[in-house]
Amino acid sequence: MDIHEYQAKDILGRFGVPVPKGGLAYSPEQAAYRARELGGHAWVVKAQVHAGGRGAAGGVRLCRSVEEVQTYAASLFGRQLATKQTDAAGKGVYRLWVEPACDIARELYLGFVLDRKSERIMIVASAHGGMEIEDLAETDPMSLRRMTIDPATGLVEFQARELAFGLGLTGTQITQMVTILKACYRAYRDLDAMMVEINPLVITGAGDLLALDAKMSFDTNALFRRPEIAELRDRSQEDPRESTAGDHGLAYVGLTGDIGCIINGAGLAMATMDMIKLAGGEPANFLDIGGGASPERVVRAFRTVLADRAVSVILVNIFAGINRCDWVAEGVVKAYREVGMTLPVVVRLAGTNVEEGKAILQGSGLPLITADTLAEAAAKAVAARPNLAA
Ligand code: GDP
Ligand code: MN
């Protein structure tokens, strides 16, 4: 789960990372009020959306008067901001963050991620941060410094100092950097984060380190024990198809093709995506019904998949272990009748109660296309698509 910049700054600030003071605004008037309240002569107004790349997309601006803050804020509210990190539709802007402008001498990059290979938290840092960091990662990957943290010792002093030296910091900046690194590490570990990113981490004109941007995302599987984090969820930033599916205990992933997939288990989903592509098709999405799915859950799965207008055929692929093929078959038949299905539906069932399941499908008298193997199901789904040229 992602959170907004201002929320990440609040959290990291409480762990000891130096962050600018700022104010949140829900309207242009409030943005102007915040600027006056903060004082000074220049402010940075920043769209709060769950995506980076806002600067390059016009979602961050330096304003030199309160009037400019208000006018710029008015142009942002309610807009869809599309950045390099969003899809073409972008994300809705409903909150702005206003900060006094800061005088920047250098921009650094600092990230904490989970490195699956070493099974450790990894620090990624660069002396050249800012908006071009992604290009740098491609053109000059060696310029990124990486360091993994041993969970038994945590981030130790000498490691943190080594990293600070490596970034070319000097004097009190080194102590400041050590504090920042330790604070980020503790926030990451104590709050079940998946990612902490500060870009840019700047050296101000006065020579101090300051986090001008912050991003955090959290492990959704741990949210139950982090109510203070769960509370920060902002549904306006999510794909409504995915949020609605989540509300019903279904895991949905939106893709760009036209074959809607109802599957149990992420591994089977991956295999099914591969088989569809091998057969010459493209998945529109996949929906994981999980284990022990009731017929009602299968009906909800159909409704969710059908909500995607790009879907032209549905492929149901169930390998039942904990699931029961007869329940899934009942759900398929029920869904077909309830939603008034007009699209071809291909069903492949295997595993627990498969004979009962097949009998239910057959006995329904519905024009379901059945298959025994995954390869056959994928091929039939691709073949069943309406001829788009016609
Ligand atoms: P992002 O593009 O979504 O990552 O948004 P950022 O918060 O990183 O802002 C983009 C860029 O705006 C930063 O890389 C900075 O160069 C610039 N910026 C942000 N805050 C300030 C500020 O207070 N003063 C100045 N001069 N530039 C800023
Ligand atoms: Mn940034």
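Mentor: I shall begin with the conventions and the chain as a whole, then turn to the site, its pocket and the surroundings.

This is a predicted model, in which local features need pLDDT of at least 70 and side-chain atom pairs count only at pLDDT 80 or more, whereas totals for chains, interfaces and linings use all residues. Residues are numbered from 1 along each chain as its sequence is written, chains are lettered from A and ligands numbered from 1 in the order in which they are written, and side-chain values use heavy atoms, with hydrogens and water left out.

The protein chain holds 13 helices and 18 strands; helices (H or I, at least four residues) and strands (E, at least two) are DSSP runs, numbered from the N terminus. Its C-alpha trace spans about 80 × 50 × 40 Å along the principal axes. Of its 390 residues, 50% are buried, where buried means under 20% relative accessible area, exposed over 50% and partly exposed in between, with a 1.4 Å probe and protein chains only. Among contacts (heavy atoms within 4.5 Å) between residues at least 6 apart in sequence, 68% join residues at least 24 apart.

The manganese ion (ligand 2) has Asn199 (O) and Asp213 (OD) as its protein donors, lying 2.2 Å from it. Donors are N, O and S atoms within 2.8 Å of the metal (3.2 Å for Na, K and Ca), and water is not among the atoms, so the site may look incomplete. This pair links distant parts of the chain, 14 residues apart: Asn199 is in strand β10 (residues 193–204), and Asp213 is in the loop between β11 (209–211) and β12 (215–218). Both Asn199 and Asp213 are buried. The peptide bond from Asn199 to Pro200 is cis, with omega near 10°, and Pro200 is also found in strand β10.

On a 1 Å grid over the protein atoms alone, a cavity is a set of points where a 1.4 Å probe fits but cannot get out; a pocket is an open set with protein on both sides within 12 Å along at least five of seven lines, and lining residues have an atom within 4 Å of a point. Of the 35 lining residues, Gly55, Met131, Asn199, Pro200 and Asp213 are the closest to the pocket centre. Strand β10 gives the most to this lining, with four residues. Among the other elements that each supply at least two are β2 (43–47), β3 (60–63), β6 (96–100), β7 (104–115) and α4 (133–139).

Lys9, in helix α1 (residues 5–15), touches Asp213 as well as Leu212 and Ala214, among others. Its side chain reaches the backbone oxygen of Leu212 at 2.7 Å, a polar contact (a pair of N or O atoms within 3.5 Å; within protein, one must be able to donate a hydrogen and the other to accept it, and residues adjacent in sequence count only if both atoms are side-chain atoms). Lys9 counts as buried because its relative accessible area is 2%.

Beyond four places in sequence, the contacts of Leu110 include Val196, Glu197, Ile198 and Leu201. Leu110, Phe112 and Met216 touch the most other members of the largest nonpolar core, which has 44 residues; such a core is a set of buried Ala, Val, Leu, Ile, Met, Phe, Trp, Tyr and Cys residues joined through side-chain atoms within 4.5 Å. Helix α6 (residues 172–190) gives the most to this core, with ten residues. Phe112 touches Leu181, Cys184, Tyr185 and Val196, among others. A second, separate core of 34 residues includes Tyr252, Ala284, Ala335 and Val347.

Finally, two loop residues give a contrast in exposure. Glu119, in the loop between β7 and β8 (120–126), has a phi near 60° and is exposed, at 67% relative accessible area. Asn353, in the loop between β17 (345–351) and α12 (354–363), has a positive phi of about 60° and is partly exposed, at 26%.
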